[in-house]
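Here is a protein model to explore together, one question at a time. Have a look at the fold before reading on.

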Amino acid sequence: MCPPAHFRVTYSINPWMDPSKPVDLPLALAQWEDLRDRYLSLGHTVEVLEPRPDLPDMVYAANGATVVGGRVLGARFAHAERAPEASAHREWFRAHGFTDVREPEHVNEGEGDFAVTDSWLLAGRGFRSSPLSHPEAQEFFGRPVIGLDLVDPRYYHLDTALAVLGGDQVMYYPGAFSPGSRAVLARLFPDALVAGEEDALALGLNAVSDGHHVLLPQAAVGLFGPLRERGYEPVGLDLSELLKGGGSVKCCTLEIRPD
Ligand code: ARG
């Protein structure tokens with residue numbers, strides 16, 4: 001995670017970002033600390049990446065890399081405003097004992113567009129990550145990639161429309177995907193939790209699950225019951241200030257998967 005010490009909305013690279021809307025920085029920091037403390041109280045380890053004053057979107061750490069089995073596929077950002085974040089992440093991993101750290105050839109925005117299930121690497125395309133990043137990730141991780149086409153600019157990253165709950169279980173919002181990708185999701189995940197528009201608009205799919213607890217925006221109230229029915233424990237959080245940059249729980253969290 002990377003604290004929002006320099007978070008602000010001064011440019012707009014997704015429809016959520018409105019530079020004319022003020023951001024309450026102390027509140028953003030408090031909300032971020034609440035998320036971090038929640039991970040800690042659930043027994044997870046949180047590593048912190050040093051924020052840089054010139055990189056206001058750095059709080060969205062999920063975009064900086066994808067880590068599976070201790071191998072690190074770095075990011076390459078679509079927009080110049082965020083480009084330097086990629087090397088900050090790679091350097092962090094190298095400094096922390098990760099030896100297999102790859103600088104990618106093609107644009108990929110890390111876990112923004114890559115989601116890891118037991119069987120697959122789900123990969124978004126359409127707004128940010130290049131379709132060419134999909135075979136690159138498949139080759140690097142040796143995991144089958146399922147390419148998914150995003151069609152609604154409000155759901156510009158896969159992680160704004162789909163979350164992995166555990167194993168091969170996911171929840172997603174069909175409206176974010178092309179008809180063909182919707183059919184692929186229905187075929188791979190017939191028991192998925194299918195979210196409605198209101199919960200998707202609260203960025204309720206921008207969630208992190210440890211296989212038992214699911215941390216998600218508390219405004220996505222429609223997801224709580226269905227999650228409980230499936231045996232998960234929803235943990236609601238208020239990240240209203242970070243929503244102004246177009247992100248929530250998952251965007252602020254890069255998962256380090258040692259295996
Ligand atoms: N303002 C950031 C951007 O548009 C938000 C990134 C959100 N991160 C995510 N994993 N969806 O790039």
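Q: What radius of gyration does the protein have, and what would a compact globule with 259 residues have?
A: This is a predicted model, and its C-alpha atoms fill a box of roughly 45 × 40 × 35 Å along the principal axes. For 259 residues, a compact globule would have a radius of gyration near 18 Å. The protein agrees with that, at 17 Å.

Q: How many helices and strands does the protein have?
A: Helices and strands are taken here as DSSP runs. On that basis the protein has 12 strands, and its helices number seven.

Q: Which residues have the most contacts inside the largest nonpolar core?
A: In soluble globular proteins, nonpolar side chains tend to be buried together. Here the largest nonpolar core has 69 residues. The largest share of this core, four residues, comes from strand β7 (residues 162-166). Those with the most contacts inside the core are A161, L205 and C252.

Q: Leaving aside neighbours within four places in sequence, which residues is C252 in contact with?
A: C252 is one of the residues with the most contacts inside the largest nonpolar core. Beyond its neighbours within four places in sequence, C252 is in contact with M1, W32, L35, V59, Y60, A61, A62, L242 and G247.

Q: Which residue in the turn of the β1 and β2 hairpin has a positive phi?
A: On β2, R71 stands opposite V68. The hairpin leaves two residues between its strands. The one in the turn with a positive phi, of about 60 degrees, is G69.

Q: Which residues of strand β1 point one way, and which the other way?
A: In a regular strand the side chains alternate between the two faces of the sheet. In β1 (residues 65-68), all four named residues are buried. One way point A65 and V67, and the other way T66 and V68.

Q: Is L73 buried or exposed?
A: L73 lies in strand β2. Its contacts beyond four places in sequence are A65, T66, R102, P104, A137 and F140; P104 is 31 residues away in sequence, yet 6.8 Å away in space, C-alpha to C-alpha. A residue with 20 or more other C-beta atoms within 10 Å counts as buried. L73 has 24, so L73 is buried.

Q: Where is L203, and is this residue buried or exposed?
A: L203 has a positive phi near 60 degrees, in a residue other than glycine. Its place is in the loop between α5 (197-201) and β10 (208-209). With 27 C-beta neighbours inside 10 Å, L203 counts as buried.

Q: Which residues come nearest to the ligand?
A: The shell around the ligand has five nonpolar, eight polar and three charged residues. Of the 16 residues around the ligand, those that come nearest are Y60, G112, H157, G247 and C251.

Notes. Residues numbered from 1 in each chain as written. Predicted model: local features only at pLDDT ≥ 70, side-chain atom pairs only at ≥ 80, totals over all residues. Rg over C-alpha atoms; globule rule 2.2 N^0.38 Å. Buried ≥ 20, exposed ≤ 12 C-beta atoms within 10 Å, placed from the backbone. Pairing = 2+ DSSP bridges. Near = placed C-beta within 6 Å. Nonpolar A, V, L, I, M, F, W, Y, C, P; charged D, E, K, R; others polar. Contact = placed C-beta atoms within 7 Å. Core = buried A, V, L, I, M, F, W, Y, C linked by C-beta atoms within 7 Å.
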